[in-house]
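Subject: Structure for you to look at

Hello,

Here is the structure I said I would pass on. Please open it first, then read the notes under it.

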Amino acid sequence: MQFVTNKADLFRALTKVKDAVPQRTTIEILAGFLLELSGNKLTIIGTDLKVCVKTDLDVTGIKNGSCVIDAQKFFSIVKELPDKVDISIMVDYEKMRAFIVVGKSKLSLSIMAAEDFPKVE
């Protein structure tokens with residue numbers, strides 16, 4: 001999965017979904033955002049199994065795919081980025097890492113398989 005978006009739009013979308021993600025859980029996958037890229041549409045989903053929040057974001061899609069990324073860490077990283085920047089996100093499924101590139105900076109977070117995320121309607 002690979003896409004490019006701007007910080008403001010991504011931050012706004014993550015803010016909508018983050019409250020559905022539990023702060024503490026015994027089910028590790030629930031502590032993450034499910035990211036699904038299809039074409040130029042990124043779908044972000046968060047759930048605690050009782051409440052599910054889903055939002056779509058228009059992005060520049062490069063390679064379709066999906067993964068689950070730690071919600072708290074990803075949200076904190078995006079929040080701290082400068083306001084008017086483009087963010088490139090690329091997922092390496094072999095290394096199970098998401099690489100977040102902004103300008104000359106490159107960060108990485110571990111990911112989990114999207115197939116393990118609870119099915120939501």
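**Surface and overall build**

The protein chain exposes about 7,100 Å², and carbon and sulfur atoms supply 48% of that area. Please keep in mind that this is a predicted model.

The protein chain holds two helices and nine strands. Read along the sequence, they follow the pattern β-α-β-β-β-β-β-α-β-β-β. The radius of gyration is 13 Å, close to the 14 Å that the globule rule gives for 121 residues, so the protein chain is as compact as a globular protein of that length. Along the principal axes, the C-alpha atoms fill a box of roughly 40 × 30 × 25 Å.

Of the 121 residues in the protein chain, 41% are buried. If you take the contacts between residues at least 6 apart in sequence, 63% of them join residues at least 24 apart. As for charge, there are 17 positive and 16 negative side chains, and the centres of the two sets lie 5 Å apart.

**The cores**

In soluble globular proteins, nonpolar side chains tend to be buried together. Which residues of the largest nonpolar core touch the most other members? They are Leu10, Phe33, Leu35, Ile44 and Phe74, out of 31 residues in that core. At least two core residues come from each of α1 (7-18), β2 (32-38), β3 (41-47), β6 (65-70), α2 (71-80), β7 (86-92), β8 (97-102) and β9 (105-112). The largest share, five residues, comes from α2.

Leaving out residues up to four places away in sequence, Leu35 touches Met1, Leu42, Thr43, Ile44, Gly65, Ser66, Cys67, Ile69 and Phe74. There is also a second, separate core of seven residues, and Leu30, Ile45, Val68 and Phe117 are among them.

**Two buried residues in strands: Val68 and Ile111**

Val68 has its place in strand β6. Its relative accessibility is 0%, so Val68 counts as buried, the cut-off being under 20%. Beyond residues up to four places away in sequence, Val68 touches Ile29, Gly32, Phe33, Leu34, Ile111, Met112, Ala113, Ala114 and Phe117. Val68 and Ile44 are 24 residues apart along the chain, and their C-alpha atoms are separated by 9.5 Å.

Ile111, one of the residues that Val68 touches, lies in strand β9. Ile111 counts as buried because its relative accessibility is 7%. With residues up to four places away in sequence not counted, its contacts are Cys67, Val68, Val91, Asp92, Tyr93, Met96, Arg97 and Ala98. The C-alpha atoms of Ile111 and Thr25 are separated by 17 Å, and these two residues are 86 residues apart along the chain.

Is Thr55, at 10% relative accessibility, buried or exposed? Thr55 counts as buried, because 10% is under the 20% cut-off. Thr55 lies in strand β4 (residues 52-58). Neighbours within four places in sequence aside, Thr55 is in contact with Ala13, Lys16, Val17, Leu42, Thr43 and Ile44.

Lys18 is in helix α1. At 30% relative accessibility, Lys18 counts as partly exposed. Lys18 touches Phe33 and Phe75, again not counting residues up to four places away in sequence.

Most residues other than glycine have a negative phi, and most peptide bonds are trans. Where are the two exceptions listed here found? Leu49 is in the loop between β3 and β4, and Met96 is in the loop between β7 and β8.

Leu49 is not a glycine, but its phi is positive, at about 80°. Leu49 counts as exposed because its relative accessibility is 53%, and exposed means over 50%. Met96 is not a glycine either, and its phi is about 55°. At 31% relative accessibility, Met96 counts as partly exposed. Met96 is also one of the residues that Ile111 touches.

Regards

Conventions: Residues numbered from 1 in each chain as written. Predicted model: local features only at pLDDT ≥ 70, side-chain atom pairs only at ≥ 80, totals over all residues. Heavy atoms only, no water. Core = buried A, V, L, I, M, F, W, Y, C linked by side-chain atoms within 4.5 Å. Buried < 20%, exposed > 50% of the residue type's maximum accessible area, 1.4 Å probe, protein only. Helix = DSSP H or I, 4+ residues; strand = E, 2+ residues; numbered from the N terminus. Contact = heavy atoms within 4.5 Å. Rg over C-alpha atoms; globule rule 2.2 N^0.38 Å. Areas by Shrake-Rupley, 256 points an atom, 1.4 Å probe, with all protein chains shown as cover. Lys, Arg positive; Asp, Glu negative; His and termini not counted. Charge placed at Lys NZ, Arg CZ, Asp CG, Glu CD.
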